[in-house]
Amino acid sequence: MSLVCEGLTKIYAGNPVPALNSVSFTLPTRGVFVLIGRNGSGKTTLVRILATNLEATAGTATLNGIDVMSEPDQIRERIAIVPQEARPIPWMTPLQSVLSYLLWRGLSYTEAKQKACEVLDRLKFGKKARALNRTLSGGMKRKVLMAMIISTEAEIIFLDEPTTGLDPISRREFWEVLQEIRKDRFVVLTTHYMQEAEQLADTIGVLDEG
Ligand SMILES: Nc1ncnc2c1ncn2[C@@H]1O[C@H](COP(=O)(O)OP(=O)(O)O)[C@@H](O)[C@H]1O
Ligand SMILES: [Mg+2]
C-alpha cells in the first residue's frame, strides 16, 4: 500500500508562482510521514490536494491505489484531516464535538456515543469532556480535534501543522497522542520543526518552494 504523487503541480489563480512545482514521490502508507518545509513552501497545498479539498493544476496522486482526483468519495471514506487553522466549535463540548463528528460520518447515535466516550476516556479528558470548548486551553482545543479523528475508522490521517504555537508540554502530550494513532494508521504530518521531524517520522519529505 502506498502514496504515489506524480508531477503534482498547483498554480493558484492570480499567483503566477507555482505553489507546487511538479512534486513526485512514492512511499509506503504506514507509520508517520513528516512533511517539513518553511512557511509558504507548499505543505498545506499538498495536504489539501491529497485530502480532496483542492484540485491540482496538473499531475496525479493515488492513495493505496485510489486516485485522489477521480475518486474523491472513496478517498474521503478512508481519511480524516485536521486542517491547519481548525479549532473546535466554541459553544460545543468535547463530547458533543466527537459525537456529532461521528454522526456526520454516518454512525448510529448509540455507536457514536459509545465511541466518543471511549476515545475521550483514552485521551484522559475526565470532567473536561463536558466543558465548553471555548473554556479549554489551546493544547486541549487541539486535543479535541485529535479525539475527533482518532474516534473514526479512517486509515489515513492528515495533520497540518498540529503543533505550531503549542507550548512544550502540550507538544509532548500531542506526541503521546500521535503514538496512539500511528499504531494502526498512516499519518501525514506537516511541520516546520526539524526536531519534530527527527523524533516522529518514519519517512521525511522536505518541501521547498513547491
Ligand atoms: N488561495 C491562494 N491563492 C494564491 N496563492 C496562494 C493561495 N494559498 C496559498 N498560496 C501560496 O502558495 C504557496 C504555498 O502556500 P501553502 O501551501 O499554504 O504553504 P505552507 O503550508 O507550506 O506554508 C505560498 O506562496 C502561498 O502564498
Ligand atoms: Mg500551511
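In this predicted model, helices α5 and α6 pack at an angle of about 5 degrees, and because angles under 35 degrees count as roughly parallel, α5 and α6 are roughly parallel to each other. Their axes lie 10 Å apart, and the contact brings Gly-139, Lys-143, Met-146 and Ile-150 of α5 against Ser-170, Glu-173, Phe-174, Val-177 and Ile-181 of α6. By class, these residues divide into five nonpolar, two polar and two charged.

Helix α5, which spans residues 138-150, also packs with helix α3, residues 94-104, at an angle of about 30 degrees. This pair is therefore roughly parallel as well, and the crossing of α3 and α5 is right-handed. From α3 the contact draws on Pro-94, Ser-97, Val-98 and Tyr-101, while α5 contributes Val-144, Ala-147, Met-148 and Ile-149. Seven of the residues in the contact of α3 with α5 are nonpolar and one is polar, with no charged residue among them.

| Helix pair | Angle between axes | Distance between axes |
|---|---|---|
| α3 and α5 | about 30 degrees | 9 Å |
| α5 and α6 | about 5 degrees | 10 Å |

As for confidence, the chain averages a pLDDT of 94, and 100% of the residues score at least 70. Among the elements of the chain, helix α6 (residues 168-182) has the lowest mean pLDDT, 88, whereas strand β1 (residues 2-10) has the highest, 98.

Key:
Residues are numbered from 1 along each chain as its sequence is written. Chains are lettered from A and ligands numbered from 1 in the order in which they are written. This is a predicted model: local features need pLDDT of at least 70, side-chain atom pairs count only at pLDDT 80 or more; totals for chains, interfaces and linings use all residues. Side-chain values use heavy atoms; hydrogens and water are left out. Axes are lines fitted to C-alpha atoms, for helices over the stretch in contact, and angles run from 0 to 180 degrees between N-to-C directions. Helices (H or I, at least four residues) and strands (E, at least two) are DSSP runs, numbered from the N terminus. Angles under 35 degrees count as roughly parallel, over 145 as roughly antiparallel, 65 to 115 as roughly perpendicular and the rest as oblique. A crossing is left-handed if the near helix is turned anticlockwise from the far one by less than a right angle, and right-handed if clockwise. Contact means heavy atoms within 4.5 Å. Ala, Val, Leu, Ile, Met, Phe, Trp, Tyr, Cys and Pro count as nonpolar, Asp, Glu, Lys and Arg as charged, and the others, Gly among them, as polar. pLDDT is the predictor's confidence in each residue, from 0 to 100.
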